[in-house]
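Please look at the sequence and the model before reading on.

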Amino acid sequence: MITVHHLDNSRSQRVLWLLEELGVPYEIVRYQRDPKTMLAPTSLRAVHPLGKSPVVTTEDGVTLAESGAIVETLIERYGQGRLIPPAGTPEAIRYRYWLHFAEGSAMSPLLLKLVFDRIEKARMPFFAKPIAKSIAQKAKTSFVMPNIRAHLDYIEAELGKSLWFAGDSFTGADIQMSFPVEAAAARGGLDASRPKLMAYLERIHARPAYQRGLERGGPYGLLS
């Protein structure tokens with residue numbers, strides 16, 4: 001059976017959702033973040049040297065890391081043609097593009113915003129606080145937020161071309177893109193001013209497999 005090494009509030013929630021969509025049995029090994037640092041526990045390094053989630057162990061003992069690689073591999077092994085467009089089609093190109101865009105482009109400014117938000121709120125000597133806060137605010141207003149808005153505008157326009165990211169059919173690209181879109185809604189300024197993206201969130205949240213994955217995975221706070 002597939003084992004999902006599941007860190008709370010993390011990208012591994014996408015893997016649970018994918019497995020529910022595929023109807024593949026799996027078991028969960030749970031890991032909790034350090035309440036102070038919010039980092040993954042060192043016990044995850046026994047599974048993968050980087051000690052990060054998601055990590056999946058397949059029935060034949062192969063350890064897979066990286067969300068995109070996990071999504072691609074599981075769909076290839078268990079999809080039987082589902083959740084991926086036919087090879088050689090325009091939809092297949094879009095599928096591969098959005099599968100990589102999610103982490104390659106979309107998450108970078110969102111992660112930077114999370115880092116600078118934490119710098120603003122971090123405990124430090126009183127004389128350093130104004131300096132750190134000023135640097136964080138400057139970075140966000142001059143670089144981070146403009147990049148997030150540009151990405152959201154682009155994604156909104158692309159979703160105007162089809163119902164789902166790769167076309168009119170739901171695919172693994174939609175599962176992969178869910179994390180940056182949900183992160184943007186949680187902390188990146190995504191709201192009703194971008195109706196296509198908000199409608200996409202409503203569609204994925206309504207999927208029974210999404211809901212089953214959430215039930216098994218637990219609370220989902222999008223911290224990583």
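How many residues does helix 3 have, and how far does helix 3 reach from its first C-alpha to its last? Helix 3 covers residues 90-121, has 32 residues and reaches 45 Å, close to the 46 Å expected at 1.5 Å a residue. Helices are DSSP runs of H or I with at least four residues, numbered from the N terminus, and the expected span is 1.5 Å times one less than the number of residues.

This is a predicted model, in which local features need pLDDT of at least 70 and side-chain atom pairs count only at pLDDT 80 or more, while totals for chains, interfaces and linings use all residues. Residues are numbered from 1 along each chain as its sequence is written, and side-chain values use heavy atoms, without hydrogens and water.

At Phe101, helix 3 bends by about 55°, the angle between axes fitted to the seven residues ending there and the seven starting there.

The structure holds eleven aromatic pairs, meaning Phe, Tyr or Trp rings (the six-membered ring for Trp) with centres within 6.5 Å; planes under 30 degrees apart are stacked, over 60 edge-to-face, the rest tilted. Trp98 and Phe101 are edge-to-face, because their ring centres are 4.9 Å apart and their planes stand at 70°. Both lie in helix 3, three residues apart, about one turn of the helix.

Trp98 is buried at 1% relative accessibility, and Phe101 is buried at 7% (buried: under 20% relative accessible area; exposed: over 50%; partly exposed in between; 1.4 Å probe, protein chains only). One aromatic cluster includes Trp98, Phe101, Trp17 and Tyr210.

Two arginines sit over rings (CZ of Arg or NZ of Lys within 6 Å of the ring centre and within 35 degrees of the ring normal).

| Arginine | Ring | Distance to ring centre |
|---|---|---|
| Arg207 | Phe170 | 3.6 Å |
| Arg216 | Tyr26 | 4.1 Å |

Notes:
Helix = DSSP H or I, 4+ residues; strand = E, 2+ residues; numbered from the N terminus.
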